[in-house]
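Morning, everyone. Please bring up the sequence and the model, and I'll talk you through them.

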Amino acid sequence: MITLDPRTKLFLAIVANSVIISAPLVYSALMFAVPAILLLFEKKWKFVLAFFSLYLAAALGFEHLKTMDVGRVGTLAVSTMMLISHMMPIGIVLYYVMQTTKANEFMAGMSKMHIPNKVTIPLTVMIRFFPTVFDESHAISNAMKMRGIRLFSLQTLKNPFTILEYRLIPLLVSLTKIGDELSVAASTRGLVPETKRTCVVPIGFHVQDAVVFVYCIAVLTCFFITSKSKQSIIDIVSNLFS
Amino acid sequence: MSNVKTTGKKSSNTLVRDLVNVGIFAALYIVLGFISSSIGYIPAFIVVSTCSISLVTSIPVFLFFSKIDRPIPCCMLFCGIFGGAMLVMGQGILMFAISLAVGLVVGSCLKFIGKGFAGCYSANIVLSLMSSSMMLPLWTSTEEYLEYTRTMCDAGYVAKLKELSQSSWPLVAIYAFGILGAVVGGLVARRVMKKHFERIGLA
């Protein structure tokens, strides 16, 4: 198992997000590789394989169809492929960060970066809450299916506000209660923005952090060079060697 | 209870509760905003997508407003987190600056008008300007935005965006639809708050 420093993970997430969203497919694949390899070390090979297959199919489909005028229905399909090919790499990076970073490690990392607790606490809660939002939403969706309330059922098509009432409000109630419990637990443990926390987990940079940093900076540099010169990375490399 | 004397200083426990609420509702706002804005990937609905964002996010936003004790810092943090997320996802620094400014105005609305319906309603309308501003670079730096979109979307979608950027009326329509969504969403949220959250003591 390879353990990265929370600051390295944050850097990886920021670089991956900024590169993947606006860069060509090759950079997206390069950034996809890092969390995929790290997840393989976490023995999540089934997840990585499923993710990779779907990503590859969507990315190749999108690259092939994006320059064509495919009509209205085709645009919907291409948009879906675009969403999958651009959002899945971000998804896998965020999945890796959320799966492997504990709240106390993240807070300790942010504290070492001298970020004030008033910013760190909401960010920590937010990062830990994304999976909770999806889990709760999934559970509520299952419960509503048992009552025959689905997203595209006759009842919801007749009155779309029922979706708000049957899906969003239970989600809000549930999340608010979890939030209240969380703030009580935080207060009980003495979490106060004015004081500095201690952390039993050792936080520091190691060889693996340096490797990830160098890799990310290399990808970022290539991306900026190619976006400035309007050439692909393969053309630039072949020009260098010719 | 009115005879109880206090120092006037709010407890740090309520500050922690406020910060936790900011985190929870920021996560929810980003998720709901992202889901409801995906309608904008259909070219015909680009302009209308801001309406769906404001409409869907109005209820959680009203609940968020009712649960915070320090409106200005909490709203600035909330909007700052959203702006920061957009900055990381490739939007310019302008979006981050707009988010902070909107957060300040939203917080001021809650502080000076109060946390009643009028305050929450006006704050929600101001907040809708933040999500509507996501399309602003299409008019402020058209070529860069189209170049950015070209790497992500198909030719038909980019052509539609280019057509929209020729005139400033779509920009007005984007903001108008955002405000319309917040106006309708605010009324729905008021009903929902009375019907559900106030009854169970969550608001």
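First, a term: patches are built from residues with over 30% relative accessible area and no salt bridge, joining like charges within 9 Å and nonpolar side chains (Val, Leu, Ile, Met, Phe, Trp, Tyr) within 5 Å. Accessible areas are Shrake-Rupley values with a 1.4 Å probe, and for residues only the protein chains shown count as cover. A salt bridge puts a side-chain nitrogen of Lys or Arg within 4 Å of a carboxyl oxygen of Asp or Glu.

This is a predicted model, where local features need pLDDT of at least 70 and side-chain atom pairs pLDDT 80 or more, while totals for chains, interfaces and linings use all residues. Residues are numbered from 1 along each chain as written, chains are lettered from A in the order written, and side-chain values use heavy atoms, without hydrogens and water.

Now the patch. A:Phe161, B:Ile39, B:Phe45, B:Val48, B:Phe177, B:Leu180 and B:Val184 form a nonpolar surface patch, with about 520 Å² of accessible area together. Helices here are DSSP runs (H or I, at least four residues). α9(B) gives the most, three residues. B:Ile39 sits in the loop between α1 and α2 of chain B.

Next, the interface. 46 residues of chain B contact 53 of chain A, with heavy atoms within 4.5 Å counting as contact. How many salt bridges link chain B and chain A? Two. A:Asp180 forms a salt bridge with B:Lys67, closest N and O atoms 3.8 Å apart.

How values were computed
Helix = DSSP H or I, 4+ residues; strand = E, 2+ residues; numbered from the N terminus.
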